[in-house]
Amino acid sequence: MTINKRGYAPGGGGEIVFNCNTLKVVKPIQWLDSGKIKRIRGVASCSRMSPATNPRVIDKARGVLNDFLPDVYIYNEHLKGAQSGNSPGNSLTLYTESTTDVTICCDNTATSQTLPEDLALTTTHQLLDAVHAGGCVDSSHQYLVLLYMALTQHNVSSVRLGPLTPFTITFLRNLKLFFGVVFKIKVDKIDVEEPGNRKGLGSTLVLSCLGVGFENMNRSMT
């Protein structure tokens with residue numbers, strides 16, 4: 001995916017180019033080990049605003065994240081001209097990378113009354129909450145992984161998630177209604193690091209299902 005322009009409300013004007021290979025079938029997954037966080041990356045972007053906005057966001061976000069991990073890099077993206085869309089605005093995207101290639105992502109867009117420091121604090125705290133919740137997928141993308149699991153070949157797929165969002169719960173009901181797929185949900189206790197270097201027990205959910213064997217009939221098998 002290539003971002004050619006970033007558009008903010010109310011004028012918009014954003015433009016992206018998305019390319020994706022076609023698939024014959026979706027392969028089953030076993031996504032249970034979230035690993036350890038090894039780095040945090042991000043993008044602070046602003047359009048038609050002062051160039052000093054992004055450094056304020058980056059400094060505040062790093063001030064929080066560096067207390068947990070030294071390897072933090074946030075790219076400063078200041079857009080102007082044709083790439084800046086039709087309205088002023090700024091946003092922050094943060095994501096973690098783990099030792100098992102698990103990515104947890106969080107992003108927010110500032111309103112007209114949001115200070116850069118507040119944007120940084122809101123986004124970093126949401127990212128830390130998502131990591132603390134456990135699992136291999138952040139709450140915003142739970143439904144997408146479950147959809148792919150339901151469409152896989154006739155085999156069992158499993159994924160570890162944190163607490164389910166209300167949207168995900170409704171989506172599970174829709175998967176049962178449209179595809180007849182029922183997920184087995186198991187509560188799994190895991191060791192978590194508590195403040196003060198104490199260890200405690202946390203819980204994640206392991207969701208498993210049997211795929212319906214959906215196939216792309218427009219692409220021949222090679």
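1. Burial and extent. Of the 222 residues in the chain, buried residues make up 36%. The model is a predicted one, and its C-alpha trace spans about 55 × 50 × 30 Å along the principal axes. Among contacts with a separation of 6 or more, 71% are between residues 24 or more positions apart.

2. Confidence. The chain has a mean pLDDT of 90, and 92% of its residues reach 70 or more. One stretch calls for caution: over residues 195–201 the pLDDT stays under 50. For that stretch the model has 12 contacts beyond four places in sequence.

3. Secondary structure. The chain contains four helices and 10 strands. Along the sequence these elements follow the pattern β-β-β-β-α-β-β-β-α-α-β-α-β-β.

4. The four-stranded sheet. An open sheet is built from four strands in the order S5-S4-S6-S7, and its pairing is mixed. Strand S5 (72–79) and strand S7 (103–109) each have a single partner strand and stand at the edges, so one side of each is left without a neighbour in the sheet. From one strand to the next, the twist averages 10°.

5. The pairing of S4 with S5. Strand S4 covers residues 37–47 and runs parallel to S5, to which it is joined by eight bridges. Val43 has Tyr75 in S5 as its bridge partner, and Cys46 stands opposite His78 in S5.

6. Helix H1. Helix H1, formed by residues 53–65, packs on the sheet and touches S4, S5 and strand S6 (89–98). The direction of H1 makes about 165° with that of S5. Together, S4, H1 and S5 make a right-handed β-α-β unit.

7. Helix H2. Helix H2, formed by residues 116–133, lies across S4, S6 and S7. The angle at which H2 runs to S7 is about 155°.

8. Seven salt bridges are found in a search of the whole structure. Which residue forms a salt bridge with Glu117? The partner is Arg56, with the closest N and O atoms 2.9 Å apart. Glu117 lies in helix H2 and Arg56 in helix H1, so this pair ties together parts that are 61 residues apart in sequence. Glu117 is partly exposed at 24% relative accessibility, and Arg56 is partly exposed with a relative accessible area of 38%.

9. Arg39 and Asp71. The side chains of Arg39 and Asp71 also meet in a salt bridge, at 3.9 Å from N to O. Because Arg39 lies in strand S4 and Asp71 in the loop between H1 and S5, the pair ties together parts that are 32 residues apart in sequence.

10. Arg39 and Glu97. Arg39 forms a salt bridge with Glu97 as well, and here the closest N and O atoms are 2.6 Å apart. Since Arg39 lies in strand S4 and Glu97 in strand S6, this pair ties together parts that are 58 residues apart in sequence. Glu97 counts as partly exposed, at 22% relative accessibility.

11. The network around Arg39. Arg39, Arg41, Asp71 and Glu97 are linked in a network of salt bridges.

12. Strands S3 and S8. Strand S8 comprises residues 156–161, and five of its six residues are buried, so S8 is largely enclosed by the rest of the structure. Strand S3 (residues 30–31) runs parallel to S8 and is joined to it by two bridges. In this pair, Trp31 stands opposite Val159 in S8.

Terms used
Residues are numbered from 1 along each chain as its sequence is written. This is a predicted model: local features need pLDDT of at least 70, side-chain atom pairs count only at pLDDT 80 or more; totals for chains, interfaces and linings use all residues. Side-chain values use heavy atoms; hydrogens and water are left out. Two strands pair if DSSP finds at least two bridges between them. Axes are lines fitted to C-alpha atoms, for helices over the stretch in contact, and angles run from 0 to 180 degrees between N-to-C directions. Contact means heavy atoms within 4.5 Å. A crossover is right-handed if, with the strands pointing away from the viewer, the path from the first strand over the helix to the second runs clockwise. A salt bridge is a side-chain nitrogen of Lys or Arg within 4 Å of a carboxyl oxygen of Asp or Glu. Buried means under 20% relative accessible area, exposed over 50%, partly exposed in between (1.4 Å probe, protein chains only). pLDDT is the predictor's confidence in each residue, from 0 to 100.
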